[in-house]
Amino acid sequence: MAQDYDLVILGGGTGGYVAAIRASQLGLKTAVVEKGKMGGTCLHKGCIPSKALLRSAEVYRQTKEADEYGIITEQPKINFDRVQKRKQSIVDTLHKGVEGLMKKGKIDVYEGFGRILGPSIFSPMPGTISVEMNNGEENEMLIPKNVLIATGSKPKTLPGLDIDGEFVMTSDEALEMEELPKSIIIIGGGVIGIEWASMLADFGVEVTVIEYLPQILPTEDQEIAKEMQRLMKKKGIKIVTGAKVLPETLKKDGNVVIQAEVKEKQETYEADKLLVSVGRSANVTNIGLENTDIKVENGFIETNDYYQTKESHIYAIGDVIGGLQLAHVASHEGITAVEHMAEKKPDKLKAEEIPTCIYSNPEVASVGLTEQQAEEAGYEIKKGKFSFKAIGKALVFGESDGFVKIIADKETDDLLGIHMIGPHVTDMISEAGLAKVLDATPWEIAESIHPHPTLSEAIGEAAMAVDGKQIHG
């Protein structure tokens, strides 16, 4: 039996379910089609489970360092089964919360795989959704006025590196490990690779990171990336940059052996496991795009600034459209798309106002242009930088590595970018995000009184340092 809706959303991940809630608030009759569990990759295979593991690794590291704080403990041990159970408990709690939000919003959830049909007896336009139900029952037909594609992404691998889940893994399989390896090779020094490197090193695993580009964290400010590399090496992590992995050399025989081309030489690397962390590809296959005029470029769906595709009643958001593949970005894109459908004239999302975070130890957070991007864009810049070593709260925490860096336009004093590496900076970046939204200047940030002692004092000092007025440095 066919069901009519104002909006059907393909995918119940962070972008999809947030869009569904906003649509419900706007009075739209809404349905979500999700083959897996509501919450999607972020909740079940990404943001939340990985941060739960990172927290356990942090507690283990801090317990080993307890003597420095005058606390005498026995040598701590890792019960990785309990680590995994804690992770799953957090995921389950949040999953129930999402399901509750769907019920609260009177949003229908279809558990199955949705495909977009072309013009048919149900509608003269492409957009009817055929749902192949998980329970094996007859397909449901949903006839929406609008469709929102929020099908997300999956981990990429390198040609020739087949994922077997035992010796060669992506982050999906790594999250389900039953025990920690003694050693691991991580291919890819981007955000996910560095988070896993930091976590596993804190758990006591011997870690080697192999990165193709000249620096790890290639999208970050160069000073941030350089500091991260220094601190990762301080943890005992081996980092190899400018290295081309040779998949054809992979050998698996109780462990993993692989070679990489480094400075015109072939180097051999050996470990218990291999984690492939080379980005994510959009889930665009088999969802019926061929039945529409929707354009896919370089594997991602093309949209306008309000996330409309070439079919004006079909929108797309999140990882499936590329750009910054972040849960909070997908959420805001979903809200913008739904408000545009409802003719609410939403503001366009601006890339330079989107904060990004890396939850390693130390953490990294940034918003706006890097120093290199600002110079390439033609700005004459001025900058301020302030170390956490001069911040009392950082010394109290025992984590004083890192700094805050602020970049401004020398001519107009406009804020161009804020970049941080150090303790709890992912919790501090929202101040910088608000400053960008309000088009603040460093002077205005400095005029905002930062209480003492707090880590956020580093932001105020860095803002003053832009004009050489910092107090404690």
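Strands β19 and β20 (residues 363-368) pair in the antiparallel sense over three bridges, where two strands count as paired if DSSP finds at least two bridges between them. The structure is a predicted model, in which local features need pLDDT of at least 70 and side-chain atom pairs count only at pLDDT 80 or more, while totals for chains, interfaces and linings use all residues. Residues are numbered from 1 along each chain as its sequence is written, and side-chain values use heavy atoms, with hydrogens and water left out.

**The five-stranded sheet**

- Five strands make up an open sheet in the order β19-β20-β23-β22-β21, with antiparallel pairing; strands here are DSSP runs of E with at least two residues, helices are runs of H or I with at least four, and both are numbered from the N terminus.
- β19 (356-358) and β21 (381-387) stand at the edges with a single partner strand each, so one side of each is left without a neighbour in the sheet.
- Strands of a sheet pair through backbone hydrogen bonds, either parallel or antiparallel.

**Helices on the sheet**

- Helix α7 (residues 222-234) lies across β20, β21, β22 (403-409) and β23 (415-422), and runs at about 5 degrees to β23; such angles run from 0 to 180 degrees between N-to-C directions, and axes are lines fitted to C-alpha atoms, for helices over the stretch in contact.
- Helix α13 (residues 457-465) also packs on the sheet, where α13 touches β21, β22 and β23, and its direction makes about 145 degrees with that of β21; contact means heavy atoms within 4.5 Å.

**A hairpin**

- Strand β12 (residues 256-262) and strand β13 (residues 265-271) run antiparallel and are joined by seven bridges, with V256 standing opposite A271 in β13.
- Two residues lie between β12 and β13 in this hairpin, and K263 in the turn has a positive phi of about 50 degrees.

**A helix pair**

- Helix α3 (residues 47-64) and helix α4 (residues 80-104) pack at an angle of about 140 degrees, and their axes are 9 Å apart.
- The contact includes I48, P49 and A52 of α3, and V83, Q84 and R86 of α4.

**Around H340**

- H340 has its place in helix α8 (residues 327-341), and its relative accessibility of 22% means that H340 counts as partly exposed, a class between buried (under 20% relative accessible area) and exposed (over 50%), using a 1.4 Å probe and protein chains only.
- Leaving aside neighbours within four places in sequence, H340 is in contact with Y306, Q308, Y315 and P346.
- Although H340 and Y306 are 34 residues apart along the chain, their C-alpha atoms are separated by 6.6 Å.
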